[in-house]
Amino acid sequence: GSSSTNGELAPATQITPPLSPHRKVALITGITGQDGSYLTEFLLGKGYEVHGLIRRSSNFNTARLDHLYVDPHNSHKARMKLHYADLSDASSLRRWVDSLNPDEVYNLAAQSHVAVSFEIPDYTADVVATGTLRLLEAVRSSSKKGIRYYQAGSSEMFGSTPPPQSETSPFHPRSPYAAAKCAAHWYTVNYREAYGLFACNGILFNHESPRRGENFVTRKITRAVGRIKVGLQTKLFLGNLSAARDWGFAGDYVEAMWMMLQQDEPADYVVATEDSHSVEEFLEEAFGHVELNWKDHVVIDKRYFRPAEVDSLRGDSTKARKVLGWKPKVGFKELVRMMVDNDIELAKREKVLVDAGYMDAQQQP
Ligand code: NDP
Ligand code: GDR
């Protein structure tokens, strides 16, 4: 979206997919999220017809997709279509799987915020764990055979298992979100073993972008850097700065999802950069990029500490690199700079609105 704080400012590419009578059909849950938008761009570029399930919201929730949207009333060329459904509503999932006959289903929908999962554990389990089961059941019972299924697994499942974490490392979840993702992982393995479903778990380590939700730590930091730099904000409140994460670029990671579904056999894969940095190192890099010192602005606020923390994640993605031929293109420094540069531009636009009296400078994004 152009002036939206959700999306990146200018889409990198215009999608002009080739017309093919044999084009594949993909169904994506969580299409309005960070990964959903990148995966949609990627699949449209490959000539897919993309259907996305969106949930009803009192506000528009499609800002990350606006640049891809073609009004179905005005054009028979619309190659991305959106439908209402919810992971908590089995009948809606079954209806869309049955009527769209997808070749591939990507289950990206989730209450994906780890800290929030401690506040709404029951809902998180319903959407993340049971929602996955509902979708698997819709795929299994569909009259269309051979549907390929991707499950958005997470490095959070490893939790307190020390790095490096690979497909054979034990799960030790540290949050309701992570425990629910473990259940979803095993539902997916079980449907593969019990029914012969072509189902894959991607165990993806953290991946970020200018479209990252604003209450995840990377985007929270780069948004603040932008606003501090143009004078809209002075302080940034954060929690634990010593946690380490293996941060990659979301655009690289959605390719791995697709690659998993193009193999001869279904399997589970860790996807990671194999490089790990602390939140403090992210701060150094992000503030340093625009000649600011994070220590002049960051205030520690207890409310952002979690009841149980995941201290250190660094993936071992040997299998994905060997079998899929996947590797990340964007490294840590490049990722941080991409996000900061985007958010400086975004803050400049906000400044125009503030200066004209259309927006309150204190209003936090
Ligand atoms: P986001 O939080 O950006 O997107 C989540 C998506 O799920 C949104 O489209 C959201 O809709 C949708 N959603 C939430 N609840 C429901 C529901 N009840 N029914 C239907 N849709 C729902 O997440 P990301 O794009 O970052 O991540 C995609 C997936 O990958 C998630 O499952 C996440 O847990 C997982 N993951 C993410 C990683 C990361 O680093 N980004 C790493 C590993 C796994 P709405 O827009 O309306 O809120
Ligand atoms: P994470 O991402 O929990 O790894 O889950 P997040 O960015 O929320 O936290 C990363 C680390 O930063 C610390 N932290 C803060 N986090 C937030 N959100 N806000 C703060 O103010 C703050 N201060 C410090 C956290 O404690 C944590 O250690 C993400 C999500 O995308 C999941 O859906 C996904 O499964 C995993 O990545 C892999």
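Q: Which helix gives the largest share of the shell around ligand 2?
A: That's H6, with 3 residues. Helices here are DSSP runs of H or I with at least four residues, strands are E runs of at least two, and both are numbered from the N terminus. Keep in mind this is a predicted model: local features need pLDDT of at least 70, side-chain atom pairs count only at pLDDT 80 or more, and totals for chains, interfaces and linings use all residues. Residues are numbered from 1 along each chain as its sequence is written, while chains are lettered from A and ligands numbered from 1 in the order in which they are written.

Q: OK, and which residues come nearest to ligand 2?
A: Of the 21 residues around it, Ser112, Ser154, Val217, Gly239 and Ala243. "Around" means the C-beta atom, placed from the backbone, lies within 6 Å.
A: Helix H3 (114–119) and helix H6 (217–229) are the elements giving two or more residues to that shell.

Q: Switching topic: what's the strand order in the sheet?
A: It's an open sheet of 7 strands, S3-S2-S1-S4-S5-S6-S11, with parallel pairing. Strands pair if DSSP finds at least two bridges between them.

Q: Why is one side of S3 and of S11 left without a neighbour?
A: Strand S3 (80–84) and strand S11 (269–271) stand at the edges, so each has a single partner strand.

Q: How many bridges join S2 and S3?
A: Strand S2 (residues 49–54) pairs with S3 in the parallel sense over 5 bridges. Glycine 52, for one, has leucine 82 in S3 as its bridge partner.
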